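Please open the model in your viewer and keep the selection tool at hand. The stops below follow one another, and each says what to select and what is found there.

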Amino acid sequence: MRRLRRYARVARVLGVVSLGLGMAGMFGLLERLGLNSTMDRRQRWSQFFMTRLSNALPFRVTVHGELPQTPMLWVSNHVSWTDIPLLGMVAPMSFLSKAEVRTWPVAGWLAAKAGSLFIRRGSGDSQLIRKQMTRHLEQAHPLLMFPEGTTTDGSHVLGFHAALLQPAIEAGAPIQPLALCYRLPDGRFTRAPAYDGDVSLLDCLKAIVAEREIVARIHVAPALSTTEQPDRKQLSQRARDTIVERIANC
């Protein structure tokens with residue numbers, strides 16, 4: 001029975017991938033016809049896809065706190081590749097992601113079309129990315145990033161790269177801290193979604209679909225003003241402290 005449940009979930013994921021392929025084909029056709037969609041519309045289509053992908057997996061999502069109604073720079077701790085669809089389903093947004101995400105089948109292509117920005121470690125493109133992020137926020141498009149720069153197993157939060165918050169200061173956009181934690185239905189910690197260390201994408205997917213249910217708790221903390229406190233190191237520390245506090249009480 002458990003094996004059948006896993007197979008059924010994998011089949012649902014493949015069905016969502018097929019849906020994404022159809023969306024990708026539609027977007028490609030519109031581009032060839034010179035009918036490019038607005039950023040807002042592309043973000044809403046991305047949210048639609050993220051919602052379908054999240055629903056295909058054994059997640060029960062709970063949101064604690066009030067989601068912002070104005071464009072901000074969202075910052076979150078980072079545990080898994082599933083962070084992206086789970087956070088991407090709660091609001092239309094773009095992401096700052098590692099360059100390798102761009103190569104992911106379907107999801108990477110849709111992320112790019114939704115305005116996501118891709119950064120490659122040590123490539124020397126930090127100034128270009130900063131300008132792109134600033135322009136994105138100045139145009140009132142919400143953007144989410146993971147300032148740890150890598151994933152953990154979800155039990156702790158690494159230090160933040162404060163320089164990644166500079167575009168929000170330059171654009172005058174508030175910073176919205178988010179804490180994401182994964183628990184079993186009885187409240188116990190689980191590292192099943194963890195995509196860290198030597199865990200492969202396939203191994204991570206197997207661990208997720210093997211669980212009957214995983215509760216993904218998204219804690220929305222009060223936003224931080226970048227105009228009242230324009231020091232990026234202090235803002236970074238405040239955002240991290242806020243997230244750490246909510247992870248500890250998750």
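Begin by selecting β1 and β7, which run parallel and are joined by six bridges; strands such as these are DSSP runs of E with at least two residues, helices are runs of H or I with at least four residues, and both are numbered from the N terminus. Two strands count as paired if DSSP finds at least two bridges between them. Within this pairing, Val63 stands opposite Ile218 of β7. This is a predicted model, in which local features need pLDDT of at least 70 and side-chain atom pairs count only at pLDDT 80 or more, while totals for chains, interfaces and linings use all residues. Residues are numbered from 1 along each chain as its sequence is written, and side-chain values use heavy atoms, with hydrogens and water left out.

How many residues of strand β7 (residues 214-220) are buried? Seven of its seven residues are, where buried means under 20% relative accessible area, exposed over 50% and partly exposed in between, computed with a 1.4 Å probe on protein chains only. Colouring β7 by face shows that both sides are covered, with Ile214, Ala216, Ile218 and Val220 buried on one side and Val215, Arg217 and His219 buried on the other.

Next, select Cys181 together with Cys250, which are joined by a disulfide with an S to S distance of 1.4 Å; a disulfide is taken as a pair of cysteine sulfur atoms within 2.5 Å. Because Cys181 lies in strand β6 (residues 175-183) and Cys250 in the segment after α8 (232-248), the pair ties together parts that are 69 residues apart in sequence. Cys181 counts as buried at 1% relative accessibility, and Cys250 is buried as well, with a relative accessible area of 15%. Cys204, by contrast, is in no disulfide, the nearest cysteine sulfur being that of Cys181 at 16 Å.

The aromatic rings come next, and the structure holds two aromatic pairs. Rings of Phe, Tyr and Trp (its six-membered ring) pair if their centres lie within 6.5 Å, with planes under 30 degrees apart counted as stacked, over 60 as edge-to-face and the rest as tilted. Select Trp45 and Phe48, which both lie in helix α2 (residues 39-56), three residues apart, about one turn of the helix. At 32% relative accessibility Trp45 counts as partly exposed, and Phe48 is partly exposed too, with a relative accessible area of 29%. Then move to Phe59 and Tyr182, whose ring centres are 5.8 Å apart with planes at 45°, so the pair is tilted. Since Phe59 lies in strand β1 (residues 59-64) and Tyr182 in strand β6, this pair ties together parts that are 123 residues apart in sequence. Phe59 is buried at a relative accessible area of 12%, and Tyr182 is buried at 3%.

Finally, select Ser76, which is placed in strand β2 (residues 73-76) and counts as buried at 0% relative accessibility. Leaving aside neighbours within four places in sequence, Ser76 is in contact (heavy atoms within 4.5 Å) with residues including Leu87, Phe146, Glu148 and Ile243.
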